[in-house]
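Let's take a walk through this model together, one part at a time. Keep the sequence and the 3D view open as you read.

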Amino acid sequence: MPEPLVRTPLYDEHLALGARMVPFAGFEMPVQYEGIIDEHHAVRTRVGIFDVCHMAELRVFGFGAFDFLQKTLTNDLSKIGQLGRAQYTLMLDDDAGILDDLIVYHSGDLEYLIIANASNRVADFEWLAAHAPDDVELVDESDRTGLIAVQGPQALAVIADLAGPEWTAPARFSLAEATLDNAIPCLIARTGYTGEDGVEILCRASDAAAVWRLLLSFAQVTPAGLGARDTLRLEMGYHLYGNDMDRGVDPISAGLGWVVNAAKGSFVGSSRIAEIRASGPARRLSYLRVEGAIPRPGSPILHEGTEVSKVASGTFSPTLECGIATAYLPSELAQTGTELEITIRKKHVTGRVVSAPFVTSTSLSAS
Amino acid sequence: MSHPSDRVYSKDHEWVMVDGDIATVGISHFAQDQLGEVVYIELPESGDAIVAGDTFGEIESVKSVSELYAPVTGEIIEVNDALGDSPETVNSDPHGEGWMLKIRVADSAQVDDLMSSEEYDAFVTES
């Protein structure tokens, strides 16, 4: 028997909006409301809001919190020494296999807030708990925390309106407290997964529906589902855990060497990272533009008649109106301009290696 | 939007509208709604023979791909090539401009086996 699906605090809101619900990471989540393409364009041109309450929030605090996370995660935590700053980072095993990708927020004195993938919530907590010293406390706050992403070129204007005239928006990759509608205490993080400017709102789980409704009271705000979330993130070349990386992949091969800081000293996985950096990765996550069909995860990729890989992530790009995909290619083929054959069911189409992101002009690239 | 009563429907969610021995075929409103926004359609060529129950093409949305199943046996006499450039027509007008094939029907008894709009509405409500 599969585990019963969990519902987020916004479940009834989704049903009321006529969402199509699907299972995702153990949750019953909206894949779309009116349609993926319209929701995608709403985020690229106005504002879309996403229920991401399924994601995990783990709080880490204590006198040893900095040293512990500096040793357990790949990025240099001293770069977010200032309170309120955030960074993208990875958690590795001893062989440099990627356990999860995370955003870490310096949420308070001696305190960090980690937002992790829903599917890794339990494993991440157990890994952190197993490595944590006595002077570090871990709390899984996922169940009592609501998380709503508000993304798009007009997102900040909506939040500013709700937060009141005294409120100052946090800088990119920072967070700030706010009281929405003079009533609801929130943390506003200027982060996201769409390539557009915007925020993610952390609030009490019991306030999530009220925040959702406040956001929807703005005419320019459109609810957007997991379908649009996937097309938006893939257009930007953002990695999806489980598709573009997992424990069998190291960060250098995944193209995430930029969040692996060798200068900060040793951390879990660092000796293996040094070896991979010295020899160069045998394969690299690459980006393919595909005309004439939509590549799907698992579609075989051939070079001169021999299968060299399979599609990791693949979808239709509503912005470019063509297929886009990621795949781990042998390093000698991972050069922009390389043309490969992709078998999509009975069709054979050409995939051309391009550099990420697929879509370069967004409100984020402009800001 | 309901399913018009001027035609019949298959369990694979195609509609068939018969005029003499020519059947026009498309997919139902229910099917296009389930698929979501259509971005590619692969259709056969005019002159091809098709057999009831066999696949004659594919229809792909952002999230999923589905096979198209021939509701009747016959010869394809016309294909709606406009869908190649504007596949979204299948969403906006599935029972009209979103038609896919015209087939010269080999055995009209196959049409009689398909569902009326009332039967089809009940079928999709149950499924």
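Predicted model: local features only at pLDDT ≥ 70, side-chain atom pairs only at ≥ 80, totals over all residues.

**Two domains, two chains**

Domain 1 of chain A and domain 2 of chain A bury about 2000 Å² between them, with 56% of that area on carbon and sulfur atoms.

The contact between them takes 28 residues from domain 1 of chain A and 24 residues from domain 2 of chain A.

What kind of interactions link the two domains? The count is 16 residue pairs in polar contact, both residues of each pair being at pLDDT 80 or more. Looking at the side of domain 1 that touches domain 2, the elements of chain A that give two or more residues are α2 (36–45) and α7 (226–235). Of the elements, α7(A) gives the most to that side, with five residues. By class, this side of domain 1 of chain A has nine nonpolar, eleven polar and eight charged residues.

Now step back and look at chain A as a whole. Chain A has nine helices and 20 strands. Its C-alpha atoms fill a box of roughly 65 × 50 × 50 Å, taken along the principal axes. For 367 residues, a compact globule would have a radius of gyration near 21 Å, and the 20 Å of chain A agrees with that.

Two backbone details in chain A are worth a visit. One is the peptide bond from A:A356 to A:P357, which is cis, with omega near -5°. You will find A:P357 in the loop between β20 (347–354) and α9 (363–366) of chain A. The other is A:A25, which has a positive phi of about 50° although it is not a glycine. A:A25 lies in the loop between β2 (20–24) and β3 (27–32) of chain A.

Next, turn to the partner chain. Chain B has five helices and nine strands, and along the sequence they follow the pattern β-β-β-α-β-β-β-β-β-α-α-β-α-α. The radius of gyration of chain B is 13 Å, close to the 14 Å that the globule rule gives for 127 residues, so chain B is as compact as a globular protein of that length. The C-alpha atoms of chain B fill a box of roughly 35 × 35 × 20 Å along the principal axes.

Finally, bring the chains together. Together the two chains bury about 1400 Å², 47% of it on carbon and sulfur atoms. Within the area that chain B buries against chain A, B:E37, B:Y40 and B:V62 supply 43%, more than any other three residues.

Charged pairs feature at this interface, where the rule finds five salt bridges between chain B and chain A. A:K347 forms a salt bridge with B:E42, and their closest N and O atoms are 2.9 Å apart. The count of residue pairs in polar contact between chain B and chain A is twelve, both residues being at pLDDT 80 or more.

How values were computed: Residues numbered from 1 in each chain as written. Chains lettered and ligands numbered in written order. Heavy atoms only, no water. Buried area = accessible area lost by both parts, 1.4 Å probe. Salt bridge = Lys/Arg side-chain N within 4 Å of Asp/Glu carboxyl O. Polar contact = N/O pair within 3.5 Å; in protein donor to acceptor, adjacent residues only side chain to side chain. Contact = heavy atoms within 4.5 Å. Helix = DSSP H or I, 4+ residues; strand = E, 2+ residues; numbered from the N terminus. Nonpolar A, V, L, I, M, F, W, Y, C, P; charged D, E, K, R; others polar. Rg over C-alpha atoms; globule rule 2.2 N^0.38 Å.
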